[in-house]
Amino acid sequence: PGSSTGSSTRSPGAERGSDDTASRIWHSWTPVRQRTRPAIVRGAGYHVWDDAGRRYLDATSSALNAVCGYGESRIEAAARTQAAQLHHFELSRFTHRPAAALAERLTGLLGGPLTRTVLVNSGSEAVEAAVRIAIDLWPLRGEPRSRVVTLERGYHGSTALCQSLSGLPHLANRYRDPIPVTRVPLPREGAALRTADGLERAFELIEQAVAEPHEDGPPAAVVLEPLLNVGGGIVLPPGLLARLRRLCDRTGALLILDEVFTGLGRTGAWFASQHEDVRPDLMVLSKGLNGGYAPIGAAVAAGHLAEDFAAEPVVGGLRYGHTTSGHAIACAAALATLDVIEEDGLVARSARHGADLLDALTAGATGPLVTDVRGRGLVVTVEMADADLAARLVQAATARRLLLRQQGRAVMAVPPLTIDETGVREIAESVAGALDDVRTGGRP
Ligand code: PLP
């Protein structure tokens with residue numbers, strides 16, 4: 001099985017990619033006994049097709065990363081050209097042009113002190129790099145700090161260290177404490193969080209966590225997402241990031257912003273932290289960085305942090321990296337993705353179409369089953385009264401050929417930034433229809 005010549009040993013369904021083939025893959029985050037799932041075989045624009053020929057509007061951007069949609073010929077060509085010239089060369093002893101150009105480009109986009117980029121292969125690896133920089137830094141400065149402050153409902157990836165940052169119930173507690181973490185609960189649910197009172201309370205709780213007396217001393221870093229993804233598409237109170245920046249300046253804790261999900265235009269700005277004109281000490285990027293055309297992640301650090309690592313006693317630098325870190329094809333795809341975002345004005349489109357989608361869903365997703373509608377840019381969340389209703393809404397939408405993402409009670413519409421008026425209208429109509437199906441028990 002799996003060999004192109006061994007057709008006699010193929011399982012039924014292998015050609016179509018469903019059923020038996022799926023059972024050979026140990027799929028993450030889903031029940032191991034789940035057998036049937038369609039294979040996605042093709043994509044174009046903001047649509048994908050399954051192996052039965054059904055077309056879906058993909059308001060999930062795959063795993064929230066296909067910012068330029070599917071079949072983008074400029075990215076494809078850049079990746080192809082790079083593959084033909086040099087598919088990769090490792091970055092510890094050498095450099096290569098696409099990596100150097102990408103690091104330069106990110107510095108230009110991020111501005112200010114963010115000048116040194118660690119390139120890796122995923123969001124988790126990029127978070128891991130950023131957190132380890134923050135923790136390894138303090139002994140080099142002669143002040144051991146190893147504690148990190150995070151939000152309990154934050155999500156920062158699925159390696160042991162990344163999972164330990166989160167207090168979400170479905171992340172394994174076994175991996176809880178490779179480093180000391182103070183996880184701060186959010187004080188309010190839904191719209192109440194986005195009020196002046198919600199801001200005051202959220203800030204107070206984080207401030208207390210930072211100040212808390214601890215055997216590991218003051219925190220090395222505060223790590224958070226500007227808009228919580230897996231936590232449920234949670235829009236934080238406006239003004240919180242700016243206040244956290246000032247708190248970190250006062251206490252010396254590094255501010256690590258995990259913009260794996262929100263970076264690269266998703267929220268209607270190049271980076272979500274720019275809505276509040278905040279620059280972190282370390283910025284973490286991944287998903288949109290090359291639109292999912294190849295694995296990539298980046299932790300962009302303030303240049304002076306890298307200088308501190310000259311005193312590192314073993315290698316005189318960062319002890320972190322992978323064989324395929326900063327893969328040349330992935331970097332070339334990233335450079336082309338940044339070109340596409342710029343040339344096609346996708347950041348402004350994200351702001352405009354996101355606002356339209358939020359308006360349409362605020363007007364159309366109403367009734368007792370819906371507890372909140374919120375969003376920023378092209379992340380629009382309909383929060384349902386419970387997780388079962390949310391699952392039913394996603395199922396009903398899928399039956400109407402619209403892919404949505406469920407996180408607990410939250411149902412998120414996160415289409416490619418290339419979505420247009422027609423796509424926005426279709427999403428809004430399908431969500432309204434799917435809500436009716438859930439209410440009446442009709443359709444799927
Ligand atoms: N951080 C955030 C905010 C994310 O949304 C994700 C992925 O969903 C990650 C980190 C982890 O990224 P990856 O799945 O590429 O490891």
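## Two strands side by side

In this predicted model, strand E5 (residues 147-151) lines up with E6 in the parallel sense, and the pair is joined over 4 bridges. If pairing is new to you, strands of a sheet pair through backbone hydrogen bonds, either parallel or antiparallel.

## The sheet they belong to

Now zoom out. E5 and E6 are part of an open sheet of 7 strands, and reading across it gives the order E4-E12-E11-E10-E7-E5-E6, with mixed pairing. Which strands sit at the edges? They are strand E4 (114-120) and strand E6 (181-184), each of which pairs on one side only.

Next, take a look at helix H5, which covers residues 123-140. Its 18 residues reach 26 Å from the first C-alpha to the last, close to the 26 Å expected at 1.5 Å a residue. Is H5 mostly covered or mostly exposed? Mostly covered: 14 of its 18 residues are buried. After H5 comes Gly142, which has a positive phi near 80°.

Most residues other than glycine have a negative phi. Leu64 has a positive one, near 65°, and Arg401 does too, with a phi near 70°.

Where are these two? Leu64 has its place in helix H2, while Arg401 lies in the loop between helix H13 (387-399) and strand E15 (402-403). Leu64 has 22 other C-beta atoms within 10 Å, so it counts as buried. Arg401 is partly exposed because it has 14 C-beta neighbours inside 10 Å.

Finally, the whole chain. It is divided into domain 1 (10-72 + 345-440) and domain 2 (86-343), and 27 Å separate the centres of the two, taken over C-alpha atoms. Domain 1 gives 28 residues to the contact and domain 2 gives 23.

On the side of domain 1 that touches domain 2, the elements giving two or more residues include helix H2 (61-64), helix H12 (346-364) and strand E13 (370-376). Sorted by class, that side has 12 nonpolar, 10 polar and 6 charged residues.

Methods: Residues are numbered from 1 along each chain as its sequence is written. This is a predicted model: local features need pLDDT of at least 70, side-chain atom pairs count only at pLDDT 80 or more; totals for chains, interfaces and linings use all residues. Domain bounds come from an automatic or database domain assignment. Two residues are in contact if their C-beta atoms, placed from the backbone, lie within 7 Å. Ala, Val, Leu, Ile, Met, Phe, Trp, Tyr, Cys and Pro count as nonpolar, Asp, Glu, Lys and Arg as charged, and the others, Gly among them, as polar. The expected span of a helix is 1.5 Å times one less than its number of residues. A residue is buried if 20 or more other C-beta atoms lie within 10 Å of its own, exposed if 12 or fewer, and partly exposed in between; C-beta atoms are placed from the backbone. Two strands pair if DSSP finds at least two bridges between them.
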